[in-house]
Amino acid sequence: MEKLRTAARMAHIEPFEVMEIQTLAREVEAAGHDVIHLEIGEPDFRTPQPVVDAAKRALDEHRMYYTSALGLPALREAIAGFYATQHGITVPASRIVVTAGSSAALLLAFGVLLDEGDEVLLADPGYPCNRHFVRTLGAVPRGIAVGPQSRYQLTAELARRHWSERTRMVMVASPANPTGTLVTAEETTALAALAREKGGTLLMDEIYQGLTYGVEAETAVAQGEDVWVVNSFSKYFQMTGWRLGWLVAPPQLVRKVETLAQNLFISPSAVAQHAALACFTPETLAITEQRRAELDQRRRYLVPALESLGFKVPVVPQGAFYIYADCSAIAADSFTFARRILTEAHVAVTPGKDFGANQPERHIRIAYTQPVARLEEAVARIRQLIERKA
Ligand SMILES: Cc1ncc(COP(=O)(O)O)c(C=O)c1O
C-alpha cells in the first residue's frame with residue numbers, strides 16, 4: 001500500500017503505552033477473562049452525585065452555547081474561592097483559565113511560552129504526554145534521570161546542572177505520576193528562584209492536588225505570580241471523562257493564553273463547567289475526602305503487599321494513586337513482564353516504558369484504582385504467576 005505522508009514530528013510521538021495496555025486488556029476480557037484494571041489513571045469511583053445532579057439541572061436550565069474561552073466567570077470565581085478556603089491564598093479569578101482538562105492547560109502553557117528548539121527540563125520518569133506536547137510544538141524535552149535519592153523529583157540543584165542556553169522552562173509535578181511523590185515547598189521555592197534567575201519559567205503540574213496521604217496538599221500558586229500552575233477536575237473530583245481543568249497564569253500573560261485558547265479550543269465544555277460549579281460545595285467535598293481516605297487504605301495495603309512479592313518500592317508514595325515499583329528482582333524486562341501479568345494473571349499494569357528512558361525495563365506502575373478486595377485478588381494472581389515461573 002502507498003505510504004501516506006505525515007509530518008516529521010510524528011516520528012517522535014510514541015504511543016501512550018497505557019492506552020495500548022488498555023486495548024490489550026479489553027481483548028483479554030473479550031476472550032472471557034476477568035481482568036483487574038490497575039493500569040489506567042482513574043479510580044473506580046463515579047463522579048460525585050452532586051456534580052452529576054448539577055449537570056442534569058444545567059442541561060434543563062441553560063443553553064449549552066460556547067462559553068468565554070477563559071471559562072464561566074462563576075467557575076473561575078469558584079476556583080479562586082477554593083484557593084482561599086483550602087490554602088489561604090488570594091488568587092484573583094482573572095488569573096484562572098478554565099480548560100479542556102489539564103491536557104489543554106499544558107498545551108496552552110507550552111504554546112504561549114515555547115519557541116522551536118527551546119528546551120524544557122522534565123523529570124524522568126515522568127508523565128509521558130508532557131514530552132510529546134513539547135515535541136509537537138517543535139521544542140525539545142530534556143528528561144533528567146531522577147531516582148530514590150531525590151524522591152524521583154527534579155530538584156533545583158539538578159535543574160541548575162542541566163540548564164543550557166536553550167532552556168526556557170523547568171516542569172515538575174506534585175504529586176507526581178508515576179511515582180506518587182511530592183515536591184516540598186522549600187524545593188518549589190528553590191525551583192522558582194532558579195527559573196527567575198535564568199529568565200525562564202517554572203511550570204507546576206498539580207493535577208493530583210488534594211490526593212495526598214498524611215501530608216497537607218500544598219500549591220505552587222503561593223510561590224508568586226510568575227509560576228504557572230496546572231490543575232484538573234479529573235482526579236480529585238473524579239471527572240476524567242468530563243474533560244475539565246484549569247491553569248493559573250501570570251496576570252500579564254492571561255490575554256495571550258486567552259488568544260491561543262480561542263483559536264485552539266474556542267471554549268471548554270459548557271455542561272462540564274456547569275457541573276463543576278458543584279465541586280466546591282461541602283456535600284461534594286465530603287464525598288471526595290471520604291474517597292481520599294479509601295485510596296489511602298488501598299495504598300497502605302498495596303505497598304507492603306507488593307514488597308512481599310519481591311517488588312521494591314524505595315520511596316513510599318504520599319500522593320496520587322500510583323506505585324512505581326522496581327520489578328528487577330522478579331523479571332528481566334518490565335515490558336514483557338507487564339504483558340505476562342495481563343495475559344496470564346489477568347491483571348493490567350503499565351510498564352515503565354511509558355515514563356521515559358531512565359531504567360524503564362526495571363519498573364512497572366500499579367494504579368490502586370480498585371477496592372482492597374480486588375487488590376488482594378490481583379496480588380494473589382501475581383504471586384501465583386511468579387511462583388509458577390520460579
Ligand atoms: C501528571 C498528569 N498530568 C496531566 C494529566 C492529564 O489529565 P487531564 O487532561 O484529564 O486533566 C494526567 C492524566 O493522567 C497526569 O497524570
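This is a predicted model: local features need pLDDT of at least 70, side-chain atom pairs count only at pLDDT 80 or more; totals for chains, interfaces and linings use all residues.
Where in the structure is the place of P175?

1. P175 is situated in the loop that runs between strand 5 (167–173) and helix 7 (185–198). The peptide bond joining S174 and P175 is cis, and its omega is about -10 degrees.

2. A cis peptide bond also leads from D124 to P125, where omega is near 15 degrees. P125 belongs to the loop between strand 3 (119–124) and helix 5 (128–136).

3. A further backbone feature concerns Q238. Its phi is near 50 degrees, a positive value in a residue other than glycine. Q238 lies in the loop between strand 7 (228–232) and strand 8 (245–248).

4. For S234, a polar side-chain atom is 2.6 Å from a ligand oxygen atom. For R243, an N or O atom of the side chain lies 2.7 Å from an oxygen atom of the ligand. For N177, the distance from a polar side-chain atom to an oxygen atom of the ligand is 2.8 Å. Each of these pairs falls under the heading of a polar contact, for which the cut-off is 3.5 Å between N or O atoms. As to burial, the ligand taken alone exposes 400 Å², of which the protein buries 92%.

5. The remaining point concerns the packing of two helices. Such a pair is described by the angle between the axes and the distance between them. Helix 2 (residues 49–61) packs with helix 10 (residues 282–309) at an angle of about 140 degrees, and their axes are 8 Å apart. Angles over 145 degrees count as roughly antiparallel and those from 65 to 115 as roughly perpendicular; helix 2 and helix 10 are therefore oblique to each other.

6. The contact between these helices is made by Q49, P50 and V51 on the side of helix 2, and by E283, T284 and I287 on the side of helix 10. By class, the residues of this contact comprise three nonpolar, two polar and one charged.

Definitions and conventions:
Residues are numbered from 1 along each chain as its sequence is written. Side-chain values use heavy atoms; hydrogens and water are left out. A polar contact is a pair of N or O atoms within 3.5 Å; within protein, one must be able to donate a hydrogen and the other to accept it, and residues adjacent in sequence count only if both atoms are side-chain atoms. Accessible areas come from the Shrake-Rupley method with a 1.4 Å probe; for residues, only the protein chains shown count as cover. Axes are lines fitted to C-alpha atoms, for helices over the stretch in contact, and angles run from 0 to 180 degrees between N-to-C directions. Helices (H or I, at least four residues) and strands (E, at least two) are DSSP runs, numbered from the N terminus. Angles under 35 degrees count as roughly parallel, over 145 as roughly antiparallel, 65 to 115 as roughly perpendicular and the rest as oblique. Contact means heavy atoms within 4.5 Å. Ala, Val, Leu, Ile, Met, Phe, Trp, Tyr, Cys and Pro count as nonpolar, Asp, Glu, Lys and Arg as charged, and the others, Gly among them, as polar.
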